[in-house]
Amino acid sequence: MSDESPDESAWWQSAVIYEIAPISFQDSNGDGKGDLAGLISRIDYLKWLGVDAVWLTPIYRSPFRDLGYDISDYCAIEPAFGSLDEFDRLVKALHAEGIRLILDLVPNHTANDHKWFVESSSSPNSAKADWYIWADAAENGGPPNNWLSRFGGSAWEWCEARRQYYYHSFLVEQPDLNWRNPQVRAAISEVMRFWLDRGVDGFRVDASAVLIKDALLRDNPPNPGAAGKPPPQRHTPVFTDDRPETMSCIEFIREVIDSYPARLLCGEVQGKTDRIGHFYGTERPRLHLPLNFVLLDTPWNALPLQAAIDAYFNALPEHAWPVWVVGGHDKQRIASKVGAAQMRVLAMLLMTLRGTPFFYMGDEIGRKRVTIPPDRIRDPFEKLVPGYGLCRDPERAPMRWDASPHGGFTKGSPWLPLEADGGTSVTEQQSDERSILALFRALIALRRAHACLRQGGYAPLRSHNDVLAYKRTEGRNEALIVLNIAAEPRKWHWRGRGRLLLSTHLDRPSEPLPDASILLRANEGVVIALEVR
Ligand code: NOJ
């Protein structure tokens with residue numbers, strides 16, 4: 001809730017957003033799983049770090065086959081996390097510290113024990129018969145078409161009671177809702193209002209690009225690039241994903257959001273950069289922030305990074321506000337890809353680009369992927385589609401708060417293991433003034449202190465010699481960001497005079513820079529305030 005934002009209703013443009021998977025954040029009762037009381041006990045940390053909003057992965061009642069993305073009751077808290085009273089306490093406690101709360105909205109599918117599905121699957125004549133996607137068998141008695149589940153095998157499951165198949169984009173236990181049915185839309189809007197009325201500041205819409213599937217149930221064509229990819233990628237999902245009609249669902253969800261003041265709608269979209277524009281909406285507003293993972297997918301070098309950043313900015317419609325995501329519960333830890341030294345450079349890039357930064361719990365301590373022994377694997381994707389190195393548990397391991405064996409996460413036995421060999425913790429890094437945690441905190445503070453870093457325009461500078469450079473400008477305030485992507489020193493020249501504001505090494509004083517060049521040490525990034533004449 002930055003009071004420096006020019007327009008409070010667009011608070012999310014100035015915000016730094018932190019993703020939390022509550023099951024792995026802080027356990028309060030020793031059952032080895034994080035919970036709401038634990039999260040409340042860590043609000044001091046969130047405040048200290050300086051984040052403006054947290055996004056929680058699902059906390060609703062769920063059998064938890066898919067990290068809670070299989071929901072049995074949208075309007076109840078999963079008992080392992082706590083109660084609605086605790087949830088209300090969480091909202092109050094976060095808001096008291098000026099931190100906003102974003103929940104995950106999972107409108108595409110429920111769990112198969114949700115009462116809607118129980119009723120829908122009981123008979124083709126039930127009142128909710130048309131709430132899910134049902135289809136008759138093909139002539140040979142098999143599934144209606146060739147659609148594949150993202151979690152392996154056919155996306156159709158036979159239901160004896162109806163003598164029909166139902167469609168599931170993900171697990172068999174996650175039937176897809178039928179978004180063509182206005183009753184389903186109305187039911188989801190009631191769910192949204194339930195939480196918005198309790199003070200939630202917005203939603204991240206799960207799987208927002210797949211809400212509608214082809215009405216003709218046409219087969220997906222073969223994917224020419226399938227070699228070496230997991231079996232669910234055998235087809236190009238043109239008739240199941242990113243259908244044009246899906247946009248009307250997002251518009252509908254946005255209307256609900258817009259009936260409350262200052263709420264945020266962000267969403268998981270599977271498009272490439274060139275598709276991102278339409279998720280923002282043209283005639284009618286869609287997502288405020290279609291999450292953009294391009295930094296995760298780009299080779300870690302100055303030129304490809306600059307090309308990807310430019311391509312993204314160029315793809316945005318005029319009114320669109322950019323967004324950058326560097327971690328998440330589905331994404332491989334970026335620190336494992338770029339290494340500890342460049343993770344600091346990445347932090348500076350994230351916090352100085354134009355657009356809302358999102359990072360994931362543990363990124364701020366430079367957390368890498370945690371090795372999960374095969375017998376401890378929980379991710380259903382890895383169980384069903386093993387062997388492609390795509391298991392998501394290494395990212396979902398519990399937070400490491402201190403140096404104790406379970407990292408201060410739990411007094412019991414953690415639901416997923418932490419690093420076997422210790423690993424760096426929040427407490428250790430809090431007492432090291434040059435830690436990556438200290439850097440994240442300093443960068444968040446710098447962004448808050450300088451309007452040009454939050455709202456300013458972005459202008460690339462010619463990158464060469466492993467150096468990625470750009471300017472951010474707001475009125476007469478200008479910042480120059482120069483990032484050395486190499487593990488060797490590099491010199492950078494520019495015209496003008498400036499004052500160094502921050503180095504990723506956290507060891508340079510903030511002082512005037514005497515001439516128009518700077519020697520960057522290995523893996524060093526700097527932010528320089530330029531003197532505008
Ligand atoms: C997207 C979520 O981010 C992911 O974790 C989940 O497995 C799928 N949706 C299915 O719910």
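Cys391 is buried, at 10% relative accessibility; buried means under 20% relative accessible area, exposed over 50%, and partly exposed in between, with a 1.4 Å probe and protein chains only. Cys75 is partly exposed, with a relative accessible area of 27%.

The model is predicted, so local features need pLDDT of at least 70 and side-chain atom pairs count only at pLDDT 80 or more, while totals for chains, interfaces and linings use all residues. Residues are numbered from 1 along each chain as its sequence is written, and side-chain values use heavy atoms, with hydrogens and water left out.

**Cysteines**

A disulfide is counted when a pair of cysteine sulfur atoms lies within 2.5 Å. By this rule there are zero disulfides in the model. Cys75 is in no disulfide, and the nearest cysteine sulfur, that of Cys249, is 19 Å away.

**Domains**

The chain is assigned domain 1 (8–108 + 181–443), domain 2 (109–178) and domain 3 (457–530). These bounds come from an automatic or database domain assignment. Taken over C-alpha atoms, the centres of domain 2 and domain 3 are 56 Å apart.

**Nonpolar cores**

In soluble globular proteins, nonpolar side chains tend to be buried together. A nonpolar core is here a set of buried Ala, Val, Leu, Ile, Met, Phe, Trp, Tyr and Cys residues joined through side-chain atoms within 4.5 Å. The largest such core has 147 residues, of which Tyr18, Phe87 and Phe359 touch the most other members. Helix 10 (residues 334–352) gives this core its largest share, eleven residues. Helices (H or I, at least four residues) and strands (E, at least two) are DSSP runs, numbered from the N terminus. Another core, of 13 residues, lies apart from the largest one; Trp492, Trp494, Ile518 and Val526 are among its members.

**Ligand surroundings**

There are 13 residues around the ligand, and Asp66, His109, Asp206, His329 and Asp330 come nearest. A residue is near a molecule or strand if one of its heavy atoms lies within 4 Å of it.

His329 is placed in the loop between strand 12 (323–325) and helix 10. His329 is buried, with a relative accessible area of 3%. The side chain of His329 makes a polar contact of 2.7 Å with the side chain of Glu19 and another, of 3.4 Å, with the side chain of Asp330. A polar contact is a pair of N or O atoms within 3.5 Å; within protein, one must be able to donate a hydrogen and the other to accept it, and residues adjacent in sequence count only if both atoms are side-chain atoms.

**Loops and strands**

Leu67 has a positive phi of about 55°, although it is not a glycine. Leu67 lies in the loop between strand 3 (60–61) and strand 4 (73–77), and is buried at 7% relative accessibility. Leu506, also not a glycine, has a positive phi near 55°. Leu506 belongs to the loop between strand 18 (498–503) and strand 19 (512–513).

Ser169 is in the loop between strand 8 (164–167) and helix 5 (182–197). Ser169 is buried, at 1% relative accessibility, and its side chain makes a polar contact of 2.6 Å with the side chain of Asp176.

Phe203 lies in strand 9 (residues 202–205) and is buried at 0% relative accessibility. Phe203 and Val51 are 152 residues apart along the chain, and their C-alpha atoms are separated by 17 Å.

Glu245 is found in the loop between strand 9 and helix 6 (246–258). At 30% relative accessibility, Glu245 is partly exposed. From Glu245 to Trp179 there are 66 residues in sequence and 9.7 Å in space, C-alpha to C-alpha.
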